[in-house]
Structure formats: C-alpha cells, structure tokens
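User: I would like to learn how to read salt bridges in a model. Please take me through some cases.

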Amino acid sequence: MNTGNKRPRRLTILGSTGSIGQNTLDVIEQLGGREEFEIAAVTGNDNIELLARQAQACGARLAVTASENQYEALKSALAGTGIAAAAGKEALLEAASMDADWVMAAIVGTAGLAPTLAAAERGADIALANKECLVSAGELFVRAVKEGGGRLIPVDSEHSAIFQALEDDQFHALERIILTASGGPFRTWNRDQMANVTAAVARAHPNWSMGLKISIGSASMFNKALEMIEAKHLFNVRPEQIEVIIHPQSVIHSMVGYTDGSVLAQLGCPDMRTAIGYALNYPTRPMLNVERLDFAKLARLDFEAPDEVRFPALRLARTALERGGLQGAIMNAAEEVAFQAFVESRVGFLDMAAIAEAVMDLMADAGSATTMSEVFAADAEARRRAGEIVLQKEKAA
Ligand code: NAD
Ligand code: MG
C-alpha cells in the first residue's frame, strides 16, 4: 500500500502496445495500478488506437508513437484527455529520458537500443525484455546502466530464471548456465520440410504467445542464439559456460549449475507476467494472478540435445561469442533484415540463418566498439550487406 508520504514509483513502458508491453500493463494493474504507480510514458508504433487506450487507462503523462506520420492520429485520439502526444525517434528518446524509477524496455529489435540507452543513462532501473540491446551493444550497454546508477533486471524468461537461481554470493561457485528452449514448431522437422514454410506457419509457437519477430525466432532458434549472447553479457560468463537444452514443455525456464554438482532451476507456467512481476517488484516477489503449475497434470518433463545442423542459428551464436566484439551486432542486424525479407516472402525460412552467416563472415574482422556510434555503424553496414544478399537471392529464385 502506498502510505501517502512516499511518492508512488514512476514507470515508463517502452513498447507498451506489444506482447510484453501489454503484459506489463496487466501486471501493473494487478499490483495496484494508479494507486501504486505513476506512469510517465507509454510508447508504441502503428497501433495508435491501442496506445491511446492504454495511455488513458494507466493515466500516462505522455504517449509516443515511433511513426512520425501517426502524430495527428495520436493527438486526436488523446484530445481532451490532458495526456501529451508526440511522435518520432526524438520523441521516443525524450519519453525514455523522462524522470522514471523503472523502465520496461519492450521495443522489438535494435530500434529499442537508443531509447533504452537513454533510460539507462538517466539512471532508471531497466527491466530488459529487448534483448537486442545486449546482443548489439554488449559491454557498452552494461556499462551505461552501471554508470547511470540503475539496475539491469532481465525479463526474458530464461534470464529471469537464471537471475532468480543465481545468488550473488555464489557467483564464485557458478559452473554453467543452462538455457532451456522449447524447440519451437519445427522441433522435429528436417531441413527439407522447413525450406518452404511461410511466416504464418512459422509464427505458431507451441507454448508462448508472443510478438511476430520472437515467434519466428523461436521457430528458427535464432531467438535462442540471441539469448546465448544476452546471457554472456548479463551474467558475465564465458561462452563455454553457456549450454542450451531443448525442453518442449517450457516449464523449466532455465537453470544454473554449481561446482558442487547442484543445479537450481526456476519453473512456472509459460506466462511472461511472472518474469515481468519479478522485475517490477525485485527483490521481493509480488502476488500475481497467473496460472499455478499442476505437477500431477504435467506428469513429465522432456529434454533433448539441440541440433545445430537443423538449427544453424545456435552455431552462429557460438561463432559470434568466439569472435566477440561487434559480431553480435552484425549477426542481429543481418538477421533483422533477413527476417523482414522472410515475412515479406522474399526469401525462404532457411535463408535467414544463411544470410546472417554470410554477413558475419564478410564482416568477421569488424573488431570491437568503444563507442555507441561504432555499434550503430556496424549495424548499418550489416543491414546494407544483408539487403544486397536478399536482392541476390530474389534474383536467383
Ligand atoms: P511485439 O512485436 O509484440 O511488440 C513490440 C513493441 O515495439 C510494440 O509496442 C511496437 O509498437 C514497438 N515497436 C515496433 N517497432 C518499433 C520501432 N521501429 N520503433 C519503436 N517502437 C517499435 O514484440 P514482443 O514480443 O513484445 O517483444 C518485445 C521484446 O521483448 C523483443 O526484444 C523480444 O525479443 C523480447 N521478449 C519478448 C517475449 C514475449 O513473450 N513476447 C519474451 C521474451 C523476450
Ligand atoms: Mg526467452
């Protein structure tokens, strides 16, 4: 309960209209809503109707759409509400830089990097769903959060699980982290079967309901590739300490192995609100209205070794981890372009990893970044090269 002599916690949700964003607003509502929290800003992109509705429901001071040309639509949707409307990349940075104690970073892709950095530099605690920040900017991003003075709290279910199972004073005894992966809809498929799938088929995840990019990334296991790199930066582990295991039920969200042979796991129903609530309430656990695990109903948990031949994204992550430096940024940027081309039916499902790998090889000597502008430059260069390969593939088809 907010007693009145302490100001309510102030929150901002970057990417409020997405899957994580909507779940975040649900958690905020469950934990007291306007009684407990003030919302500085909510941001979205194309879904103006939802953004305006969210801003009104949570009483945000500012609503921002990333699309410049949606400004008038947002402004008129919020007319008379007292909620400020703004549009464009600069406005997004301003929203991220508002005075907030906690910022949910839930924009998808590297589009989220600059605003999340702005929030980190401003000193907010960062609840990080937007894993691409760590994949692209790695140490620079971690340092920005540290220098800003806020905490970096993972929201990705695997990393939240590890964060929960990893006790600070046990770090010296940490041996390995084990990321679980559902295996996605093509877990048992061969490459010939995968070659001709459409985005509509690839996005149908067996366990989790998520945004388009991460759903396709679960099918190709590119999402797990991003998570391996995310884990390296979050937990400061060596690449060989990061394992992946296929666990089709998605009940064990990930595990930590210690030097005494113990393995600690975090389990739950596949519902992102548990990880979001943990990030919002950390270090204490909130009371959440989410489904409880019923072990008798579950009856069994299965595991399989991952297959890096059918799912080359996992191998690419290993390469990126070995090469280090800008390889994560390059891998991610090239794959974002390839993903967009796949969604537009311009390239096939298997081309996504092939394009990322080709660009990584072309830019294998990119080295490391010491500034964010070097990260953005490598990102742009990887996008340009990936775009060229997409065109070549289209011509050849
Ligand atoms: P989503 O596609 O449902 O939502 C993305 C949000 O970003 C929306 O609010 C959208 O308006 C906004 N956005 C899109 N393009 C933008 C741009 N160019 N500029 C500014 N804003 C833009 O995505 P999601 O599934 O909620 O995922 C968000 C992030 O969280 C991703 O990085 C994803 O990998 C990560 N994540 C998601 C889940 C999940 O369950 N959905 C789980 C773990 C991690
Ligand atoms: Mg995840």
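User: Is Asp 379 buried or exposed?

Analyst: Asp 379 is buried, at 11% relative accessibility. Buried means under 20% relative accessible area, exposed over 50%, partly exposed in between (1.4 Å probe, protein chains only). This is a predicted model: local features need pLDDT of at least 70, side-chain atom pairs count only at pLDDT 80 or more, and totals for chains, interfaces and linings use all residues. Side-chain values use heavy atoms, without hydrogens and water, and residues are numbered from 1 along each chain as its sequence is written.

User: Which residue forms a salt bridge with Asp 379?

Analyst: Side chains of opposite charge can pair when their charged atoms come close. A salt bridge puts a side-chain nitrogen of Lys or Arg within 4 Å of a carboxyl oxygen of Asp or Glu. Here the partner is Arg 383, with the closest N and O atoms 2.7 Å apart. Both residues lie in helix H17, four residues apart, about one turn of the helix. Helices (H or I, at least four residues) and strands (E, at least two) are DSSP runs, numbered from the N terminus. Arg 383 is partly exposed, at 25%.

User: What does the salt bridge of Glu 243 and Arg 176 tie together?

Analyst: Their side chains meet at 3.0 Å, N to O. Glu 243 lies in strand E9 and Arg 176 in strand E8, so the pair ties together parts 67 residues apart in sequence. Glu 243 is partly exposed, at 30%. Arg 176 is partly exposed too, at 27%.

User: How many salt bridges are there in the whole structure?

Analyst: The search finds 29. One network links Lys 131, Asp 156, Glu 158, Lys 224 and Glu 227.

How values were computed:
Chains lettered and ligands numbered in written order.
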